[in-house]
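User: I'm new to this one and would like to get to know it a few residues at a time. Could you walk me through it?

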Amino acid sequence: MSNSNNLKITPFCDDRVNTELWDNFVANHPEGRFCHLIGYKKVVEGSYRYQPYYYLLKKGDNVAGIIPFFVFKSAFLGKKLISQPFSEYGGLLLDTLSPYEYDEVFNLSRDILKQANVKMAEIHGGFGIPQDSRDKFLIPSSQHYRGILNLDTDADLYFEKTVDRMVRKAIRKAERNNVTCFEKSDSEMIKNHFYPLFLQSMKRLGVPAHPLSYYEKMTEHLDKNLKIFWAEFEGKIIAGLLGFAVGRGIHIINIVSDPVYWDKRPNDLCHWHFIKWGIENKYDYFDFGSVRYEGQKIFKEKWGAELVDYNHYLLIADPQKGKPIGGHFDSSSKTMSFFSTAWNKCVPLSMTKYLGPIIRKQLGR
């Protein structure tokens, strides 16, 4: 695909040169996240067998944007493109363009939808897209917030002046109880420690689990970015915080822990060590992820995170036909609340690793 003004969109060719071009663009974009990296493409392909539709946007010889999509097919939600599945983030990641060029990008993106034979795309975010273009081409579908902590500070000063007093007490309690924290992110730690705690945590929250392969492939394809901070007590791993360092930012996605040891405050200790590591290594921000519920808001604000407006969007292939009926997943619906309760109460823990991935694949989340 190509267009005028030296702006062209070409299908991504999965070789070393194009992978470096793509990943360097992500790393240098202020809003680049792990789910934009080519490694995440390989994680989703390998663990869920989704078909990728990845395109590079070039202006002359320079990369001006990336367009990552996956084909999503569900017995419940139909067929569409998603960017990105199993992540709160995704979407087109673009440099600054002219208004005319933004129009061209979205018109070409609609051509991608038609080529994939879908009526719409679900886009998790609008990074690098000006508001005028969002209003013109995208339909907001899931309005919420994300919690962003500025790391341009001194670690000790941040701890004493920004972190909530009760959090400081919790961290000191963990240290008094001889809970220690360290970082290690290999496949053995995923298999032997992270995944068993993950299954417990997801059942407790009423959320279907990913397959083990989803995380094992992260250690294979996102090993340079993956970071897991562990809390250990008397030789036993009792909590882990999994996230990614990409470009100048850190983004956490999973906290897992054994409730037997919650009184030792391992979760707070893991967050503190991850944040401190980010400050000491000169990262710009720490992304706590989405904020949809009051409990999430309270937790992230006690660390000093700023709540920033954030949307998911729909891109319609043929706007003259209007928005397709259905096809969108709403995690806060009454149906999902009922399902979550049933998952927590009725599904045996031993079955969650088998049933969870089947359901996840049908939801794309």
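User: Which residues does Val-118 touch, not counting residues up to four places away in sequence?

Analyst: Before we start, keep in mind that this is a predicted model. Val-118 sits in the loop between α3 and β6. Leaving out residues up to four places away in sequence, Val-118 touches Lys-79, Lys-80, Leu-81, Leu-113 and Ala-317.

User: Is Val-118 buried or exposed?

Analyst: The cut-off for buried is under 20% relative accessible area. Val-118 has a relative accessible area of 6%, so the residue counts as buried.

User: What about Asn-117, buried or exposed?

Analyst: Asn-117 lies in the loop between α3 (99–115) and β6 (120–123). Its phi is near 60°, a positive value in a residue other than glycine. Exposed takes over 50% relative accessible area. Asn-117 has 60%, so this residue is exposed.

User: What is the phi of Asn-178 near?

Analyst: Look for Asn-178 in the loop between α6 (165–176) and β8 (180–183). Asn-178 has a relative accessible area of 59%, which means it is exposed. Its phi is positive, in a residue other than glycine, and the value is near 65°.

User: How is the peptide bond from Ser-83 to Gln-84 arranged, cis or trans?

Analyst: Gln-84 belongs to the loop between β4 and β5. Omega for the bond from Ser-83 to Gln-84 is near -5°, and the bond is cis.

User: How many aromatic pairs does the structure hold?

Analyst: Two numbers come up whenever rings pair. A pair of aromatic rings is described by the distance of the centres and the angle of the planes. As for the count here, the structure holds 30 aromatic pairs.

User: How do Phe-86 and Tyr-214 pair, stacked or edge-to-face?

Analyst: Their centres are 6.1 Å apart, and there are 70° between the planes. Planes over 60 degrees apart count as edge-to-face. So the pair of Phe-86 and Tyr-214, at 70°, is edge-to-face.

User: How many residues apart in sequence are the parts that this pair ties together?

Analyst: Both Phe-86 and Tyr-214 are buried. Phe-86 is in the loop between β4 (78–83) and β5 (93–94), while Tyr-214 is in helix α8. The pair therefore ties together parts whose separation in sequence, in residues, is 128.

User: Which residues of α2 meet α8?

Analyst: Helix α2 (residues 38–48) and α8 pack at an angle of about 145°, with axes 9 Å apart, and α2 passes α8 in a right-handed crossing. On the α8 side, the residues are Ser-213, Tyr-214, Lys-217, Met-218 and His-221. From α2 come Gly-39, Tyr-40, Lys-42, Val-43, Gly-46, Ser-47 and Tyr-48.

User: How do the residues of that contact of α2 with α8 divide?

Analyst: Sorted by class, the contact of α2 with α8 has two charged residues. The others are five nonpolar and five polar.

User: How far apart are the axes of α7 and α8?

Analyst: Helix α7 (residues 187–205) packs with helix α8 (residues 212–221) at an angle of about 145°. α7 passes α8 in a right-handed crossing. The distance between their axes is 10 Å.

User: Which residues of α8 make the contact with α7?

Analyst: The α7 side consists of Ser-187, Ile-190, Lys-191, Phe-194, Tyr-195 and Phe-198. By class, this contact has six nonpolar, two polar and two charged residues. On α8, the residues making the contact are Leu-212, Tyr-215, Glu-216 and Thr-219.

User: Where is Gly-243 found, and how far is it from Phe-274 in space?

Analyst: Gly-243 is in strand β10 (residues 236–246), and at 0% relative accessibility it counts as buried. Among the residues it touches are Asn-225, His-251 and Phe-274. Gly-243 and Phe-274 are 31 residues apart in sequence, and their C-alpha to C-alpha distance is 8.9 Å.

How values were computed
Residues numbered from 1 in each chain as written. Predicted model: local features only at pLDDT ≥ 70, side-chain atom pairs only at ≥ 80, totals over all residues. Heavy atoms only, no water. Axes fitted to C-alpha atoms, helices over the stretch in contact; angles between N-to-C directions. Helix = DSSP H or I, 4+ residues; strand = E, 2+ residues; numbered from the N terminus. Left-handed = near helix turned anticlockwise from the far one by under 90°. Contact = heavy atoms within 4.5 Å. Nonpolar A, V, L, I, M, F, W, Y, C, P; charged D, E, K, R; others polar. Phe/Tyr/Trp six-rings, centres within 6.5 Å; stacked < 30°, edge-to-face > 60°. Buried < 20%, exposed > 50% of the residue type's maximum accessible area, 1.4 Å probe, protein only.
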